Amino acid sequence: MATIPRRTQFIGAVVAVAAGLVVGLMIHRHPEGVRVPASVAFVAAAAFVLAGLCLFAGALEIDWLQQWLGIAVTLSMLVVSLWIAFGPGARECSMSIPFVQTVAPDALCRGAFGIGALLVALFIGVFVRRALSSGS
């Protein structure tokens, strides 16, 4: 398996952290432009910051920290999926099948994200169990 050069990991980390911070600043300055609760938007932006920190930990070979930051990134994605599936208000998702692209009904959109949230929760359980059993 090819390893990613440390310099590339650092560059990716800086880009991810910067993207998350810029998006967070945009949410803070213009909350009226966000079509979700600010808390959900901030969690989504935090996923980028956490992913960047995860890359930093990997570049520095701090395996236990990288593992837990990866769990934090996954938790961030879970929060967003749960809000889409169970949050108040109508949802509008696009869907496409061969030769057809349309807006999915609310129930289909929520159902798909609910199933996705369930799968992400299962992954988190596996990741946490693995992190705890590795003595981290």
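**Entry 1: the largest pocket**

I began with the lining of the largest pocket, where H2 gives the largest share, four residues. Helices H1 (6-29), H2 (38-59) and H3 (63-86) are the elements that each give two or more residues to this lining. I noted that 16 residues line the pocket, and that Arg35, Val36, Trp83, Ile84 and Arg91 lie nearest its centre. Sorted by class, the lining holds 13 nonpolar, three charged and no polar residues. My classes were these: Ala, Val, Leu, Ile, Met, Phe, Trp, Tyr, Cys and Pro are nonpolar, Asp, Glu, Lys and Arg are charged, and the others, Gly among them, are polar. The space in the pocket comes to about 290 Å³.

For my own record, a pocket is an open set of points on a 1 Å grid over the protein atoms alone, where a 1.4 Å probe fits and protein lies on both sides within 12 Å along at least five of seven lines; lining residues have an atom within 4 Å of a point. The volume is the space filled by probe spheres set on the points, with grid points joined across faces, edges and corners.

**Entry 2: ground rules**

This is a predicted model, so I kept to pLDDT of at least 70 for local features and 80 or more for side-chain atom pairs, while totals for chains, interfaces and linings use all residues. Numbering runs from 1 along each chain as its sequence is written, and side-chain values use heavy atoms, with hydrogens and water left out.

**Entry 3: the whole chain**

I counted four helices and two strands, in the order α-α-α-β-β-α along the sequence. Helices (H or I, at least four residues) and strands (E, at least two) are DSSP runs, numbered from the N terminus. The C-alpha atoms fill a box of roughly 45 × 35 × 30 Å along the principal axes. Of the 136 residues, 28% are buried, meaning under 20% relative accessible area; exposed is over 50% and partly exposed is in between (1.4 Å probe, protein chains only). Among contacts (heavy atoms within 4.5 Å) with a separation of 6 or more, 59% join residues 24 or more positions apart.

Which residues of H1 are buried? I listed Gln9, Ala13, Ala16, Val17, Gly20, Gly24 and Ile27. An α-helix has 3.6 residues a turn, so residues three or four places apart point the same way. H2 is included in what covers the buried residues of H1.

Next I looked up Ser76, in helix H3. Ser76 counts as buried because its relative accessibility is 7%. Leaving out residues up to four places away in sequence, Ser76 touches Val43, Ala47 and Leu50.

**Entry 5**

S1 (residues 93-97) and S2 (residues 100-104) pair in the antiparallel sense over five bridges; pairing needs at least two DSSP bridges. Met95 has Thr102 in S2 as its bridge partner. The hairpin has two residues between the strands, and Phe99 takes a positive phi near 70 degrees there. Phe99 is exposed, at 89% relative accessibility.

Glu61 also has a positive phi, about 60 degrees, although it is not a glycine. I found Glu61 in the loop between H2 and H3, exposed with a relative accessible area of 57%.
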